[in-house]
Amino acid sequence: MSDAPPHRPGRGQRSGRCGDPPPPRLRRGIEQFNRGEFFEQHETLELEWLEERDPVRYLYQGILQIGIGFEHLRRGNPRGARRLWRRGISYLEPFRGGCMEVDVDRLVADTERCVAELERVGGLERFDRSLIPRLEWLAEPVEGEPHRSPASRDARGARPEPGAT
């Protein structure tokens, strides 16, 4: 039984869909995040979040909350940034270890560093913007190639040759 509030079914649960390939809007939202297009990534991932009923929707919501936190930082609202980063991290907790090939652990750790930095410097003027994270893939999806999980890679992380077993 879930402790999720009735209006948030599945919140706090890991999704059985975490092994699925990332949907196109998730890939697009991550590309936008990595280009610093935080408002745009929010819009893209919100569409995916609104349409999804599975608990994986909270992966999308966690990422978009963290991203829009960086938009708040850009607009001079450190309090709003910190609040959104913390909320986003809480949504991502069930997805530690990765989900849909997103390196959730790295995003959480990098965002926690931003929270600590903002608290340390006490304001936007001295915030080290080089700490703004990039979303990373556990296994880089390649356009036109079947999706492969990290387990389908060799010890070096390389993809096996086609036809190799």
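Is D110 buried or exposed, and at what relative accessibility? At 10% relative accessibility, D110 counts as buried, where buried means under 20% relative accessible area, exposed over 50% and partly exposed in between, with a 1.4 Å probe and protein chains only. The legends below start with the whole chain and come back to this residue later.

This is a predicted model, in which local features need pLDDT of at least 70 and side-chain atom pairs count only at pLDDT 80 or more, while totals for chains, interfaces and linings use all residues. Residues are numbered from 1 along each chain as its sequence is written, and side-chain values use heavy atoms, with hydrogens and water left out.

**View 1. The whole protein, an arrangement of five helices and zero strands.** From the N terminus on, the elements run α-α-α-α-α; helices (H or I, at least four residues) and strands (E, at least two) are DSSP runs, numbered from the N terminus. Of the 165 residues, 45% count as buried. Among contacts between residues at least 6 apart in sequence, 61% join residues at least 24 apart, a contact being heavy atoms within 4.5 Å. The protein exposes about 9,000 Å², and carbon and sulfur atoms supply 48% of that area. Accessible areas come from the Shrake-Rupley method with a 1.4 Å probe, and for residues only the protein chains shown count as cover.

**View 2. The largest nonpolar core, with its 36 residues.** Such a core is a set of buried Ala, Val, Leu, Ile, Met, Phe, Trp, Tyr and Cys residues joined through side-chain atoms within 4.5 Å. Look for L26, L59, I63 and W85, which touch the most other members. Helix 1 (24–34), helix 2 (38–51), helix 3, helix 4 and helix 5 each supply at least two residues of this core. Helix 3 gives the most, with eight residues. Zooming in on I63, you will find that this residue touches L26, F33, Q41, L45, L92, V102, L107 and L135, not counting residues up to four places away in sequence.

**View 3. Helix 4 (residues 78–92) and its buried residues.** The 15 residues of helix 4 reach 21 Å from first C-alpha to last, close to the 21 Å expected at 1.5 Å a residue. The expected span is 1.5 Å times one less than the number of residues. G80, A81, L84, W85, G88, I89, Y91 and L92 are the buried residues of helix 4. They cover an arc of only 165 degrees around the axis, which puts them on the same side of helix 4; the arc is that of the directions from the helix axis to the C-beta atoms. An α-helix has 3.6 residues a turn, so residues three or four places apart point the same way. What covers the buried residues of helix 4 includes helix 3 (57–74) and helix 5 (104–121).

**View 4. Helix 2 and its packing against helix 1 and helix 3.** The 14 residues of helix 2 should span 20 Å at 1.5 Å a residue, and the end C-alpha atoms are 20 Å apart, which agrees. Buried here are F38, Q41, H42, T44, L45, E48 and W49, and these residues pack against helix 1 and helix 3. H42 has a relative accessible area of 15%. Leaving aside neighbours within four places in sequence, H42 is in contact with L64 and I68. E40 is also found in helix 2, but counts as partly exposed at 37% relative accessibility. E40 and E71 are 31 residues apart in sequence and 9.9 Å apart in space, C-alpha to C-alpha.

View 5. A salt bridge is a side-chain nitrogen of Lys or Arg within 4 Å of a carboxyl oxygen of Asp or Glu.

- R17 and D20 meet through their side chains at 3.0 Å, N to O. R17 is partly exposed at 26%, and D20 is partly exposed at 29%. R17, D20 and E52 are linked in a network of salt bridges.
- D110 and R106 meet at 3.9 Å, N to O. Both lie in helix 5, four residues apart, about one turn of the helix. Here D110, from the opening question, is buried, whereas R106 is partly exposed at 41% relative accessibility.
- R134 and E136 meet at 3.7 Å, N to O. R134 is partly exposed at 45%, and E136 is partly exposed at 24%.
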